[in-house]
Amino acid sequence: MALRLAYRPPLAWSALGHFLAGRGAAACEQFDGRTYRRTLSMGGRCGWISVTPDDGKAALRVELSPELRPVNDELVLRLRRLFDLDAPAKDIAVQLAGDPRLAAVVAGSPGLRIPGTMDGFDIALRAVIGQQISVKAATTVYSRIVSRYGRFVPTPFEGLDRVSPSAADLARVSIEDLRAQGLMQARARTIQALSTAVASGRLRLAHGEPPEQVMAGLIELPGIGPWTAQYVAMRALGDRDVFPRADLGLLRALGLRRARDLEDASQAWRPWRAYAALYLWQAQAAGG
């Protein structure tokens, strides 16, 4: 079964695919430079998708496993959010490029989108794992957790055979078992608290939830600070103006020393501050 998802051009597809898969686990998410593949669980059904640009058109072509046909409508909605396809890319670029500090990075990657998610808990889990360690180290630990607790799902793609564990899955895992996957005691406790809060329904990490309320709920959990809460709001809730005002990478990118100065600078980018953060992170990763 195949779908076509139209979008408002331009779309920085390569940057988006590398960002998504580069922070995931190869067992549940892959990108080869053109095709993005992943497993997913929706409505009690597990399956896979394979997404490529539809050449010559402002659209993506999506192939999906037969198991996902009954949840087709919800799947389309989530995919549009995953790839941020409804973003007014040209309007965002015009505003951000009006600031000389962003003009070059915006011109260098037209159509950069907010990498969303199919599952808000999964993004929160990755963010917690990645606190105070490198992206490479975080993906290693996350991959172990997927391999140990993720459910098997058959796909025609080599190595793509697990869905990421749900909050309910991890809420049942002991601190000791989580530590055995390479987590420190404090981080394992945070994951247990996060999993329990989401599984119980006390914390909802879904697109459209009130960002301030959700961020406050995240910060109440042990071991989660403002940066992680803001990152989750950006990717899981679709908040286009949330801004990690104390991010060291953003401070370095702009040559600033104080979070207050970064916050002041960001006012010119409203209501698209999340996109500004992504452009600056990309420039830092590229050494620009």
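## Leu218 and its surroundings

In this predicted model, Leu218 touches Leu194, Leu203, Leu205, Ile224, Ala229 and Val232, leaving aside residues up to four places away in sequence. Apart from it lies another core, of 25 residues, which includes Leu11, Leu16, Leu40 and Met42.

Let's look at the core around Leu218. The largest nonpolar core has 68 residues, and Leu218 is among those with the most contacts inside it, along with Leu96, Ile129, Leu194, Leu203, Leu205 and Trp269. Helix α14 (residues 273-285) supplies the largest share of this core, eight residues. As a general point, nonpolar side chains tend to be buried together in soluble globular proteins.

Helix α10 (residues 211-219) packs against helix α11 (residues 226-235) at an angle of about 140°, and their axes are 9 Å apart. That angle makes α10 oblique to α11, and α10 passes α11 in a right-handed crossing. The table shows who makes the contact.

| Helix | Residues in the contact |
|---|---|
| α10 | Met215, Leu218 and Ile219 |
| α11 | Pro226, Ala229, Gln230, Val232 and Ala233 |

By type, the residues of the contact of α10 with α11 are seven nonpolar, one polar and no charged.

Now to another spot: is Ser164 buried or exposed? Ser164 has a relative accessible area of 17%, so Ser164 is buried, the cut-off being under 20%. Ser164 sits in the loop between β7 (162-163) and α7 (167-171). Not counting residues up to four places away in sequence, Ser164 touches Cys28, Asp122, Tyr142 and Val146. Ser164 and Ala27 are 137 residues apart in sequence, with their C-alpha atoms 8.7 Å apart in space.

Notes:
Residues numbered from 1 in each chain as written. Predicted model: local features only at pLDDT ≥ 70, side-chain atom pairs only at ≥ 80, totals over all residues. Heavy atoms only, no water. Core = buried A, V, L, I, M, F, W, Y, C linked by side-chain atoms within 4.5 Å. Buried < 20%, exposed > 50% of the residue type's maximum accessible area, 1.4 Å probe, protein only. Helix = DSSP H or I, 4+ residues; strand = E, 2+ residues; numbered from the N terminus. Contact = heavy atoms within 4.5 Å. Axes fitted to C-alpha atoms, helices over the stretch in contact; angles between N-to-C directions. Parallel < 35°, antiparallel > 145°, perpendicular 65-115°, else oblique. Left-handed = near helix turned anticlockwise from the far one by under 90°. Nonpolar A, V, L, I, M, F, W, Y, C, P; charged D, E, K, R; others polar.
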